[in-house]
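Please find below a short note on this entry, written for someone who has not looked at it before. The points follow the surroundings of the two ligands.

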Amino acid sequence: MTRTLLAPVRALGRGTRVFTLAVGSWGSLVVDAVRALRWVQIWAPLTLRQMTRIGVDSVPIALFIAAFTGIVLALQASYTFTGAIPLYFVGVLVGKTMMLELGPVLTGLALSGRVGANISAEIGTMRVTEQIDALETLAYPPVAYLVVPRVIAGTIMFPLVTALAIAMGIVAGWITAIQLLELSTPEFVNGLKLFFLPFDVTYALIKATSFGFVVTSIGCHFGFNTKGGAEGVGRSTTGAVVASSMVILVLDAFWAVLLL
Amino acid sequence: MSIEIDGIHKAFGANQVLRGFSVEAREGETLVILGHSGSGKSVTIKHVVGLLQPDEGEVRVDGERVGGMDIEELFSLRRKVGFVFQFAALFDSMSVADNVAMGLRRMKEVSDEEREERVREALRVVDLVGFEDRAPSELSGGQRKRAGIARAIATRPGYLLYDEPTTGLDPITRAVVDRLINRMKDELGVTGIVITHDMESAFRVADRLAMLYEGKCRLEGTPDEFRNSEDPVVRAFIEGRPELMEEAE
Ligand SMILES: Nc1ncnc2c1ncn2[C@@H]1O[C@H](COP(=O)(O)OP(=O)(O)OP(=O)(O)O)[C@@H](O)[C@H]1O
Ligand SMILES: [Mg+2]
């Protein structure tokens, strides 16, 4: 009787322990990565390639998502306003929402699928096939070789991709507004400018930078700790995507509380 | 220039793999380590380059304790030790030539021209000329294994650790690899540890042998001492007759 009652408590306790250990080992990987910065000649030549893979190659998917988000935002705004609010507020809503929330978060979530999964699968495969051990035997520090270039590339490229996504979303909203909503370009632009603060851009970029850091570092963490063959690689890939998506949403709320 | 493995214990969770294993590869000799599958041979040689740390005991290379080294000292140790992985462990994002060049890129004293020359030389030695631009995924198992050997010898290390270098090779290639191991020793004075299940190869390359059994050294000695051993565990292994062990129990 007491056993069955205690079971959920015990499960919760175990869950908390596993979670704390995971955060601890992610943290120590991050500390190792900071220490590994001293091997500039190892990570620097690899960083450009990762910036292409993580950033440039993610632009199409980010733009695709942003375009449709912009269209839907414009249509839903006009539907919601239904004459009660002047239609140029469509510009306000598209601009503000893309910048403050949907640009960074949707891009972050999409890239956690694309980039985070890719990183953890690649590093995880290297772990289970002993390629990481092989790096060590050839006198390479694996963290400098694998983790540092990816985390730097992600932290730099996520804000750039996000900026493009925001621009795309606004353009898509504008085209929708003038084509489908009987709004003129000056009206839409007025709406955009109405409540615009330069801080909105800073806020979006701070969020995107932090998302880039967590997606890549969590992907590396899951990859490095992969155990048990192909199945293990699958497990850590899923784990990386789930964990980084959750962290993105929590961080999103955190920045809102802290900065707004 | 010796490798001393001194009473090492190693467990993975509840799985106690090594229980005080001691063995020594003396300067300029080839030591063969024998043992059943899963007995901990690969685990043992990973301790030599600090990929694993023992729970107890220590490993010394050239008199230096591996456990006491900081990262820079470990790097300079690893530059002196070539490691041939059991499953090759080639970097699959790189061509064969780039794989072989990896260790050399970490050596400042090796110029670009010399690196290319050494890569060519290492691939020639393992008979992989013409495979420079192939991806590892385009190689057969035996070719991968030889590429792994080329990567380990390209840096001209003073020590070489071979984890089952001939498993899965045809008899001719096996003989070629055995000859290569002997050449590394005779011409370059390499101190080597070879893990193998293949008794023919073992006797072709060994100056001395050691048998790892239940986490400890069961017998360490010359090829003749092994051939003449009365120990049923040793005889069962080298003659491939499991019934000898059952009779002894
Ligand atoms: N990183 C690890 N984590 C957990 N267990 C491990 C690890 N590496 C090895 N083991 C375990 O240690 C034991 C010995 O493994 P090892 O690879 O050394 O065997 P081996 O003697 O090389 O066998 P084989 O001849 O089949 O290669 C096995 O039970 C294995 O499961
Ligand atoms: Mg093995």
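**Notes on the ligand sites**

1. The largest share of the shell around ligand 1, three residues, is supplied by α1(B), where helices (H or I, at least four residues) and strands (E, at least two) are DSSP runs numbered from the N terminus. This is a predicted model, in which local features need pLDDT of at least 70, side-chain atom pairs count only at pLDDT 80 or more, and totals for chains, interfaces and linings use all residues. Residues are numbered from 1 along each chain as its sequence is written, chains are lettered from A and ligands numbered from 1 in the order in which they are written, and side-chain values use heavy atoms, with hydrogens and water left out.

2. Ligand 1 is surrounded by 14 residues, the closest being B:S37, B:G38, B:K41, B:S42 and B:Q86; a residue counts as near if one of its heavy atoms lies within 4 Å.

3. Oxygen atoms of ligand 1 lie 2.5 Å from an N or O atom in the side chain of B:S37, 2.8 Å from a polar side-chain atom of B:K41, and 2.9 Å from a backbone N or O atom of B:V43.

4. Since B:S42 lies in helix α1 (residues 41–48) and B:Q86 in the loop between β6 (81–84) and α3 (96–105), all of chain B, the pair ties together parts that are 44 residues apart in sequence.

How values were computed:
A polar contact is a pair of N or O atoms within 3.5 Å; within protein, one must be able to donate a hydrogen and the other to accept it, and residues adjacent in sequence count only if both atoms are side-chain atoms.
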